[in-house]
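Please examine the sequence and the structure shown here.

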Amino acid sequence: MCLTKGIKAVPTILPTFGEIRIGEPDANAEHFNALRAKENPVFLDAFFSLPSFPFQDFEKGQKFLVYGQKGTGKTTVMRYLENSLKENFTTHFLLFKRTFIEESDLQDISNVPLMLDERSIEKFRHYMHSIKRILLFILIKQSYIDTESTDSEIPPLEKSWIEKLRSSSIGDAIGIGFDSLRSIWSSAGVDTKKITNDALVLNAGRAVKRSNDDLLKFFIKRARRVGLKSCIFVDEIHFAYRSKEALQQDAMLVRDCILAIQTLNDRFSEEAVDVRIYSAVRSEYLEHPIIASADINHSVESIGHGLVWSTYPHNREHPLFQLLFKRFQLSMGSDVKFRDFFGTYFKNMPAEMFLSRTWAKPRDFIRFFKCAKDLYPQKSQLSQSEQNALWRRYSEVSWNELKSAASAFLNPPAIETLETIFKKNIPLIIDKHVKYNQPEFRAVLRPVYNSSKGDHTNFYSEDHFMELMYILGVFGTRRASAHGGDVIQTYHRGNRTFHRDGIVHVHPSILKAFG
């Protein structure tokens, strides 16, 4: 309400959903949409992150790893950092996740230059040295962008590659890096399509390391001489759960990527060159035994910071509502009070209910109001029936993303089986109040696991399958507390695992999507 002395209060007229610049649930998708529209992305114009995030430490290069669950805002932070540093640094943003184009429906950016192909990297068993080489090639190319300065100390074996880098685009540096790796392996007698000789592989790995050492020394000398200030941002590192062997390989890939970045950053600090490499990774990957037992895991807190939204109370004080308020202010104006914003756009939607029906992460809040913008562009307040329709649309869109995430470890027939099971069982949960304990729910989902496993003998366990479904946010558990009341376990509220003796609660939005 607007109050003026001596005048009766009149309602504040706020923009409709269609007039709100809400942005996109995926920050990379929003970035490329903004490029096409020739405007700033919403996440930059209304940037908001957790108050505890140590931006100064990141801007100084003291920290360089952002980790958190999917949808917590890792890419937004990385893009914001790049934007804030690019005035004084040469910056480039690397999309490491091969499936980014498919998942973000950005087929028209297939020619975006800096997109690493994980399948190419996997051909080279020594991931860390291969990744270091790719990053060094990009950094060396950066050092030639704004200067024609030549060099007399180029390592003899690298001279032809560096000449190619000088005349190439920054995106081509990745391809040139892979070409150089293939050349080294070929010289060692290794066929990357038929790797059978461990001794040859070891020799090739050593050759790559020696070559990298020469390249690193050359780059540091050159960076000092030309006064290079450079940043690389590596985003979208991920696993693909296909088999136990593939899972191990992908875990090694993530581990070695982080280790490569850490060792390069440490060397740059020792040599006093102002070059940094930043990275973002999903926090659940850091819990894999291969990574948890690696040296990197012991230093994660000192080199990085986690984005965690699950520790805040589920009420109006949750910072996610402030994130939305800041975005809405782009269209409402800065004079609008939070109470007016909340009273209008969350009318008849208590904060507790809103948080419980989502996964309580930035991506979910933005997705909900993007659905509102699509369904009711002329409205700013909704009736009960309109809210119900909106929740259904949000739930259906959210389920489509969950399917996309599940496709990393479930094949298409298994996902189809999962949908069939939900169509059959969720009406029973809603209409007949059927409850499943954890073993019973495992039995319900067993056909999904069996469909994905097929005849594979070297496949992840059913226990691991249930953990993955829990991490995805498909279900949580509830059991009675010894002190009275109930204890609820959900991954998105910070509980790393579920009760083995609890009652299963399928996420409300999945119930809505299939109910």
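Axes are lines fitted to C-alpha atoms, for helices over the stretch in contact, and angles run from 0 to 180 degrees between N-to-C directions. Helices (H or I, at least four residues) and strands (E, at least two) are DSSP runs, numbered from the N terminus. This is a predicted model, in which local features need pLDDT of at least 70, side-chain atom pairs count only at pLDDT 80 or more, and totals for chains, interfaces and linings use all residues. Residues are numbered from 1 along each chain as its sequence is written, and side-chain values use heavy atoms, with hydrogens and water left out.

**The helix pair**

- The axes of α15 (residues 319–332) and α16 come within 11 Å and cross at roughly 95°.
- The two helices α15 and α16 are therefore roughly perpendicular to each other (angles of 65 to 115 degrees; under 35 is roughly parallel, over 145 roughly antiparallel and the rest oblique).
- In this contact (heavy atoms within 4.5 Å), α15 contributes F321, Q322, L324, F325, F328 and M332, while α16 contributes F338, F341, F342 and Y345.
- By class, the contact of α15 with α16 has nine nonpolar residues, one polar residue and no charged residues (Ala, Val, Leu, Ile, Met, Phe, Trp, Tyr, Cys and Pro count as nonpolar, Asp, Glu, Lys and Arg as charged, and the others, Gly among them, as polar).

**Two loop residues**

- A272 lies in the loop between α11 (244–270) and β6 (275–282).
- Although A272 is not a glycine, its phi is positive, at about 60°.
- N348 is found in the loop between α16 (338–345) and α17 (351–357).
- N348 is likewise not a glycine, and has a positive phi of about 65°.
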